[in-house]
Amino acid sequence: MNHNKISVSQFFICMFLCNIFLVFGFLNTLGETNSFFFNILTLVAGVILLIVSCIPSYLLYKKTGKTTTAISSEHSVGMSIIIKLYYLICFVIFTSVITSKFAIFLKNSINHDAMPLAVVFAFLLIAAFGSYKGMQALFRTAIIIFAFSLLSFAFVFFGLMDKLDFSNILNYSQPMNINISNSIGTLLLALIPIMSYVVFSDSLKGNHKLGIFYSSLSTFVLFLAVSFFTICVLGNYALFAEYPFFTLSKLSTISMLKGGDGFVFATITAVTFLLVYLFFVSGSKALDKAHSKTFSIGFFIATFVLSAVMTYVTFVYDFITNTLFLSILLIIGLFILPLFAYSIERMRRV
């Protein structure tokens, strides 16, 4: 049985990577006009939300050894179809959000003449093949990307030690100028990968609680360190940079190697692929379609079409990435459906 499972540490390393990447890759996490101390509060809230969002699925697995989709399958065909389709649609939407954000990032910050959909097409195609191979390949890939990411961050940090100015922390913005909507958007985007825990909880071997705790703690520590470091180097310029950490990486120099933006962009690209791959495999697991060519092809077509529309049609992008829309998807998927499945299982046992 265990050969069909992956370790808790493998899964949460993947979550750790995805959360860091989403926040430091695509968003101005420094909050545009937020003070450094307000950003610390945002990070604390993020850690709490990350832990809390895992609780319903964890309790369900702890009490039943099953996932939300597995319990729905046992209860009723109609309910099973509705719940599985809900998670499938969520994973299609999340994949499209990530790929369209990457396409926009690539065109705006890397190469204005780039053909972003060609890169998106490649991501989706490789992930479709990977999902056919199953989840083991996904989490082995995550370990490799994790090692590369550590090297990337290390290059930036050590290459900027001589540019640190701690007085920038005291002069950074004003405590009362806060942007709550930006902070909420950051937290929501960082929670998106956790939806995978709903369908993967019964496939993890090891201590789930420790995995959730250490993943949350390490995410908080790294977010805090990167925010602190970025402000110390960039000062108030970090308020206006669209992607502060990427901007920061361009200044990094070690010996004859100048500019760490290539390393950071490679990391962003690698983890974009990891996220896409994660949602492909999560969708196949939600539908019990592991190793299915038909599922891989269908998911590929759906996500590519939606990604293309979001990349070029502004109002579609704005609607799907809207804070309220993403909040509703996450609340239903992370809380309501797992608690509903738990209630069904309790009634069956009475």
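This is a predicted model: local features need pLDDT of at least 70, side-chain atom pairs count only at pLDDT 80 or more; totals for chains, interfaces and linings use all residues.
Phe-139 belongs to helix α6 (residues 135-158) and Phe-200 to helix α9 (residues 195-200), so that the pair links distant parts of the chain, 61 residues apart. I checked both for burial, and both Phe-139 and Phe-200 are buried.

I then turned to Phe-166 and Phe-228, a tilted pair with 6.0 Å from centre to centre and 35° between the planes. Because Phe-166 sits in the loop between α6 and α7 (167-171) while Phe-228 is in helix α10 (residues 208-234), this pair ties together parts 62 residues apart in sequence. Phe-228 is partly exposed, its relative accessible area being 32%.

**Helix α5.** I compared the length of α5 (residues 116-133) with expectation: at 1.5 Å a residue its 18 residues should span 26 Å, and the end C-alpha atoms are 26 Å apart, which agrees. I listed its buried residues as Pro-116, Leu-117, Val-120, Phe-123, Leu-124, Ala-127, Ala-128, Gly-130 and Ser-131. They cover an arc of only 165° around the axis, and therefore lie on the same side of α5. The spacing rule I had in mind is that an α-helix has 3.6 residues a turn, so residues three or four places apart point the same way. The buried residues of α5 pack against α4 (77-110), α12 (261-286) and α13 (293-312). Last, I noted that Gly-134 follows α5 and has a positive phi, near 105°.

Technical notes:
Residues are numbered from 1 along each chain as its sequence is written. Side-chain values use heavy atoms; hydrogens and water are left out. Helices (H or I, at least four residues) and strands (E, at least two) are DSSP runs, numbered from the N terminus. The expected span of a helix is 1.5 Å times one less than its number of residues. Buried means under 20% relative accessible area, exposed over 50%, partly exposed in between (1.4 Å probe, protein chains only). The arc is that of the directions from the helix axis to the C-beta atoms. Contact means heavy atoms within 4.5 Å. Rings of Phe, Tyr and Trp (its six-membered ring) pair if their centres lie within 6.5 Å; planes under 30 degrees apart count as stacked, over 60 as edge-to-face and the rest as tilted.
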